Amino acid sequence: MIKLSVVIITYNEERNIERCIDSVINIADEILIIDSFSTDKTKEICEAKGVRFLQNKFEGHIEQKNFAWTQTEFDHILSIDADEAVTPMLRKSIAEVKNYWTEEGYEINRLNNYCGTWIKTCGWYPDTKLRLFKKWKGCWQGTNPHDSFKLHDNKKAGWLQGDLLHYTYHTVEDHKERIQYFAQIAAKEIIKKGKRTHTLKLILNPLSKFFKSYIVKLGFMDGYKGFLISFYAAKGTYLKYKFSRAQK
(Lines give C-alpha, C1' and ligand atoms only; values in the text may rest on other atoms or scores of the structure.)
Protein backbone atom coordinates (compact mmCIF):
# COMPACT_ATOMS: atom_id res chain seq x y z
CA MET A 1 0.00 0.00 0.00
CA ILE A 2 1.26 3.49 -0.87
CA LYS A 3 1.70 6.20 1.76
CA LEU A 4 -0.48 9.29 1.22
CA SER A 5 0.28 12.91 2.15
CA VAL A 6 -2.75 15.20 2.42
CA VAL A 7 -1.84 18.85 1.84
CA ILE A 8 -4.02 21.79 2.93
CA ILE A 9 -3.18 25.49 2.57
CA THR A 10 -4.71 27.84 5.13
CA TYR A 11 -5.18 31.43 6.15
CA ASN A 12 -7.63 32.22 8.97
CA GLU A 13 -9.61 29.02 8.51
CA GLU A 14 -10.77 28.39 12.09
CA ARG A 15 -14.34 27.97 10.80
CA ASN A 16 -13.44 25.17 8.37
CA ILE A 17 -10.16 23.46 9.17
CA GLU A 18 -11.33 20.94 11.80
CA ARG A 19 -14.03 19.56 9.49
CA CYS A 20 -11.49 19.32 6.66
CA ILE A 21 -8.90 17.45 8.76
CA ASP A 22 -11.48 15.07 10.25
CA SER A 23 -12.67 14.09 6.75
CA VAL A 24 -9.22 12.78 5.72
CA ILE A 25 -7.71 11.58 8.98
CA ASN A 26 -8.50 7.90 8.27
CA ILE A 27 -6.89 7.84 4.82
CA ALA A 28 -3.88 10.10 5.40
CA ASP A 29 -0.44 8.87 6.40
CA GLU A 30 0.56 12.52 6.75
CA ILE A 31 -1.52 15.70 6.99
CA LEU A 32 0.54 18.75 6.09
CA ILE A 33 -0.78 22.27 6.65
CA ILE A 34 0.90 25.16 4.85
CA ASP A 35 -0.32 28.29 6.60
CA SER A 36 0.05 31.92 5.50
CA PHE A 37 0.55 33.25 9.06
CA SER A 38 -3.07 33.06 10.23
CA THR A 39 -4.15 35.51 12.93
CA ASP A 40 -7.11 33.47 14.20
CA LYS A 41 -7.17 30.04 15.91
CA THR A 42 -6.16 28.03 12.83
CA LYS A 43 -2.74 27.13 14.25
CA GLU A 44 -4.11 26.04 17.63
CA ILE A 45 -6.77 23.84 16.02
CA CYS A 46 -4.23 22.20 13.70
CA GLU A 47 -1.74 21.56 16.49
CA ALA A 48 -4.48 20.03 18.65
CA LYS A 49 -5.19 17.63 15.76
CA GLY A 50 -1.54 16.56 15.68
CA VAL A 51 -0.94 17.49 12.04
CA ARG A 52 2.33 18.81 10.61
CA PHE A 53 2.13 22.61 10.51
CA LEU A 54 4.41 24.85 8.44
CA GLN A 55 4.13 28.56 7.68
CA ASN A 56 5.10 30.20 4.41
CA LYS A 57 4.61 33.70 3.04
CA PHE A 58 1.68 33.82 0.62
CA GLU A 59 2.70 34.91 -2.88
CA GLY A 60 -0.41 33.59 -4.65
CA HIS A 61 -2.63 30.51 -4.65
CA ILE A 62 -0.63 28.77 -7.39
CA GLU A 63 2.71 29.62 -5.82
CA GLN A 64 1.60 28.45 -2.36
CA LYS A 65 0.26 25.12 -3.63
CA ASN A 66 3.38 24.45 -5.69
CA PHE A 67 5.47 25.11 -2.60
CA ALA A 68 3.21 22.88 -0.50
CA TRP A 69 3.60 19.67 -2.46
CA THR A 70 7.40 19.95 -2.43
CA GLN A 71 7.28 19.74 1.38
CA THR A 72 5.44 16.42 1.71
CA GLU A 73 7.03 13.33 3.22
CA PHE A 74 5.41 10.94 0.75
CA ASP A 75 5.25 10.88 -3.06
CA HIS A 76 1.49 10.42 -3.43
CA ILE A 77 -0.51 13.54 -2.60
CA LEU A 78 -4.11 14.56 -2.01
CA SER A 79 -4.44 18.35 -2.18
CA ILE A 80 -7.60 19.89 -0.72
CA ASP A 81 -8.60 23.33 0.47
CA ALA A 82 -9.52 24.13 4.06
CA ASP A 83 -13.14 24.80 3.09
CA GLU A 84 -13.47 21.34 1.52
CA ALA A 85 -14.20 17.91 2.97
CA VAL A 86 -14.02 14.35 1.64
CA THR A 87 -17.27 12.33 1.55
CA PRO A 88 -17.42 8.70 2.80
CA MET A 89 -17.71 7.46 -0.80
CA LEU A 90 -14.64 9.42 -1.84
CA ARG A 91 -12.71 8.17 1.20
CA LYS A 92 -13.53 4.62 0.13
CA SER A 93 -12.33 5.33 -3.43
CA ILE A 94 -9.08 6.84 -2.18
CA ALA A 95 -8.49 3.92 0.20
CA GLU A 96 -8.95 1.52 -2.72
CA VAL A 97 -6.58 3.42 -5.02
CA LYS A 98 -3.94 3.43 -2.28
CA ASN A 99 -3.89 -0.36 -2.69
CA TYR A 100 -3.90 -0.26 -6.48
CA TRP A 101 -2.49 2.99 -7.89
CA THR A 102 -2.46 2.86 -11.70
CA GLU A 103 -2.47 6.49 -12.90
CA GLU A 104 -0.26 9.54 -12.43
CA GLY A 105 -3.24 11.48 -11.11
CA TYR A 106 -6.96 11.20 -10.37
CA GLU A 107 -9.81 13.64 -10.89
CA ILE A 108 -12.59 14.15 -8.35
CA ASN A 109 -16.04 15.71 -8.68
CA ARG A 110 -16.61 18.70 -6.41
CA LEU A 111 -20.04 19.55 -4.99
CA ASN A 112 -20.41 23.17 -3.92
CA ASN A 113 -22.51 24.46 -1.03
CA TYR A 114 -23.88 28.01 -1.25
CA CYS A 115 -25.36 29.49 1.93
CA GLY A 116 -26.56 26.07 3.09
CA THR A 117 -27.74 24.72 -0.29
CA TRP A 118 -25.94 22.16 -2.46
CA ILE A 119 -25.81 23.58 -5.98
CA LYS A 120 -25.80 21.46 -9.14
CA THR A 121 -26.66 24.25 -11.60
CA CYS A 122 -24.80 27.43 -12.68
CA GLY A 123 -21.96 25.23 -13.98
CA TRP A 124 -21.07 24.36 -10.38
CA TYR A 125 -21.33 20.58 -10.75
CA PRO A 126 -19.59 18.25 -11.30
CA ASP A 127 -16.79 20.90 -11.12
CA THR A 128 -14.19 18.16 -11.65
CA LYS A 129 -10.73 18.79 -10.18
CA LEU A 130 -7.45 16.86 -10.36
CA ARG A 131 -6.52 16.65 -6.68
CA LEU A 132 -4.89 13.25 -6.19
CA PHE A 133 -1.52 12.92 -7.89
CA LYS A 134 2.01 11.60 -7.76
CA LYS A 135 4.80 13.98 -6.81
CA TRP A 136 6.77 15.59 -9.65
CA LYS A 137 4.26 14.34 -12.27
CA GLY A 138 2.69 17.77 -12.70
CA CYS A 139 2.30 21.20 -11.15
CA TRP A 140 -0.25 23.85 -10.27
CA GLN A 141 -0.98 26.22 -13.15
CA GLY A 142 -3.65 28.72 -14.21
CA THR A 143 -4.24 32.37 -13.42
CA ASN A 144 -4.51 33.45 -9.79
CA PRO A 145 -6.79 33.04 -7.96
CA HIS A 146 -8.01 30.16 -10.15
CA ASP A 147 -5.50 27.33 -9.82
CA SER A 148 -5.59 23.88 -11.36
CA PHE A 149 -3.20 20.93 -11.23
CA LYS A 150 -1.96 19.76 -14.64
CA LEU A 151 -0.05 16.57 -15.35
CA HIS A 152 3.09 16.89 -17.45
CA ASP A 153 2.93 15.98 -21.15
CA ASN A 154 -0.89 16.26 -21.07
CA LYS A 155 -1.15 12.83 -19.48
CA LYS A 156 -4.71 11.60 -18.94
CA ALA A 157 -5.88 11.28 -15.34
CA GLY A 158 -8.08 8.64 -13.81
CA TRP A 159 -11.33 9.43 -11.99
CA LEU A 160 -12.62 8.53 -8.53
CA GLN A 161 -16.18 7.98 -7.32
CA GLY A 162 -17.47 10.21 -4.55
CA ASP A 163 -17.59 13.97 -4.10
CA LEU A 164 -15.33 16.55 -2.60
CA LEU A 165 -17.64 18.84 -0.62
CA HIS A 166 -16.88 22.54 -0.99
CA TYR A 167 -18.38 24.97 1.53
CA THR A 168 -18.04 28.09 -0.62
CA TYR A 169 -19.93 30.89 1.10
CA HIS A 170 -21.78 30.78 4.41
CA THR A 171 -23.57 34.08 3.78
CA VAL A 172 -24.18 36.47 0.89
CA GLU A 173 -21.91 38.96 2.67
CA ASP A 174 -19.12 36.35 2.53
CA HIS A 175 -19.73 36.13 -1.22
CA LYS A 176 -19.57 39.90 -1.70
CA GLU A 177 -16.28 40.12 0.18
CA ARG A 178 -14.70 37.24 -1.71
CA ILE A 179 -15.55 38.52 -5.17
CA GLN A 180 -13.83 41.80 -4.27
CA TYR A 181 -10.78 39.87 -3.07
CA PHE A 182 -10.64 37.54 -6.08
CA ALA A 183 -11.28 40.38 -8.54
CA GLN A 184 -8.33 42.33 -7.17
CA ILE A 185 -6.04 39.31 -7.57
CA ALA A 186 -7.33 38.64 -11.10
CA ALA A 187 -6.81 42.31 -12.03
CA LYS A 188 -3.17 42.12 -10.97
CA GLU A 189 -2.72 39.05 -13.18
CA ILE A 190 -4.23 40.91 -16.15
CA ILE A 191 -1.80 43.77 -15.63
CA LYS A 192 1.14 41.41 -15.13
CA LYS A 193 0.41 39.74 -18.48
CA GLY A 194 0.15 43.11 -20.24
CA LYS A 195 -3.43 42.56 -21.38
CA ARG A 196 -5.65 45.49 -22.29
CA THR A 197 -9.17 45.93 -20.93
CA HIS A 198 -11.42 47.45 -23.57
CA THR A 199 -14.72 49.09 -22.68
CA LEU A 200 -16.66 46.47 -24.65
CA LYS A 201 -15.03 43.73 -22.60
CA LEU A 202 -16.05 45.56 -19.41
CA ILE A 203 -19.68 45.51 -20.57
CA LEU A 204 -20.12 42.36 -22.63
CA ASN A 205 -18.10 39.83 -20.61
CA PRO A 206 -20.15 40.28 -17.40
CA LEU A 207 -23.41 40.02 -19.37
CA SER A 208 -22.16 36.87 -21.07
CA LYS A 209 -21.13 35.43 -17.70
CA PHE A 210 -24.59 36.00 -16.22
CA PHE A 211 -26.39 34.56 -19.26
CA LYS A 212 -24.24 31.45 -19.31
CA SER A 213 -24.62 30.81 -15.57
CA TYR A 214 -28.30 31.64 -15.15
CA ILE A 215 -29.73 30.46 -18.50
CA VAL A 216 -27.35 28.05 -20.24
CA LYS A 217 -26.19 26.36 -17.01
CA LEU A 218 -29.76 26.36 -15.57
CA GLY A 219 -29.10 28.61 -12.60
CA PHE A 220 -32.77 29.66 -12.67
CA MET A 221 -33.68 26.17 -11.44
CA ASP A 222 -32.08 27.01 -8.08
CA GLY A 223 -34.33 30.04 -7.65
CA TYR A 224 -33.01 33.06 -5.80
CA LYS A 225 -29.70 31.40 -4.90
CA GLY A 226 -29.14 30.53 -8.54
CA PHE A 227 -29.76 34.17 -9.41
CA LEU A 228 -27.33 35.38 -6.72
CA ILE A 229 -24.60 33.01 -7.87
CA SER A 230 -25.03 34.17 -11.48
CA PHE A 231 -25.26 37.85 -10.55
CA TYR A 232 -22.11 37.80 -8.45
CA ALA A 233 -20.25 35.77 -11.07
CA ALA A 234 -21.04 38.58 -13.50
CA LYS A 235 -20.12 41.25 -10.97
CA GLY A 236 -16.81 39.53 -10.25
CA THR A 237 -16.01 39.59 -13.96
CA TYR A 238 -16.92 43.29 -14.14
CA LEU A 239 -14.80 44.19 -11.10
CA LYS A 240 -11.82 42.25 -12.44
CA TYR A 241 -11.71 44.41 -15.56
CA LYS A 242 -12.61 47.61 -13.67
CA PHE A 243 -9.79 47.11 -11.17
CA SER A 244 -7.30 46.28 -13.93
CA ARG A 245 -8.06 49.61 -15.64
CA ALA A 246 -7.83 51.55 -12.38
CA GLN A 247 -4.44 50.04 -11.46
CA LYS A 248 -2.71 50.86 -14.72
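**Figure 1. Contacts across the whole chain.** In the protein chain, residues 24 or more positions apart account for 74% of the contacts with a separation of 6 or more. This is a predicted model, and its protein chain has seven helices and eleven strands. The C-alpha atoms fill a box of roughly 55 × 40 × 40 Å along the principal axes. A compact globule of 248 residues would have a radius of gyration near 18 Å, and the 19 Å of the protein chain agrees with that. Buried residues make up 50% of the 248 residues.

**Figure 2. The surface and charges of the chain.** If you count the charged side chains, you will find 39 positive and 30 negative ones. The centres of these two sets lie 8 Å apart.

Figure 3. Look for Y169 in strand 11, which covers residues 158-169. Y169 has a relative accessible area of 13%, so it counts as buried, the cut-off being under 20%.

**Figure 4. S244 in helix 7.** S244 belongs to helix 7, residues 223-247. Its relative accessible area is 0%, so S244 is buried. A polar atom of the S244 side chain lies 2.7 Å from the backbone oxygen of Y241.

**Figure 5. A cis peptide bond at P126.** Follow the backbone from Y125 to P126 and you will meet a cis peptide bond, with omega near 15°. P126 is in the loop between strand 7 (117-119) and strand 8 (129-134).

**Figure 6. Two loop residues with positive phi.** Most residues other than glycine have a negative phi, so the two residues shown here deserve a look. F37 has a phi near 60° and is not a glycine. You can find F37 in the loop between strand 2 (30-35) and helix 2 (42-48), where its relative accessible area of 44% makes it partly exposed. L218 is not a glycine either, and its phi is positive at about 65°. The loop that holds L218 runs between helix 6 (199-216) and helix 7. L218 also counts as partly exposed, at 37% relative accessibility.

Terms used: Residues are numbered from 1 along each chain as its sequence is written. This is a predicted model: local features need pLDDT of at least 70, side-chain atom pairs count only at pLDDT 80 or more; totals for chains, interfaces and linings use all residues. Side-chain values use heavy atoms; hydrogens and water are left out. Helices (H or I, at least four residues) and strands (E, at least two) are DSSP runs, numbered from the N terminus. Buried means under 20% relative accessible area, exposed over 50%, partly exposed in between (1.4 Å probe, protein chains only). A polar contact is a pair of N or O atoms within 3.5 Å; within protein, one must be able to donate a hydrogen and the other to accept it, and residues adjacent in sequence count only if both atoms are side-chain atoms. The radius of gyration is taken over C-alpha atoms; the globule rule is 2.2 Å times the number of residues to the power 0.38. Contact means heavy atoms within 4.5 Å. Lys and Arg count as positive and Asp and Glu as negative; His and the chain ends are not counted. The place of a charge is taken as NZ of Lys, CZ of Arg, CG of Asp or CD of Glu.
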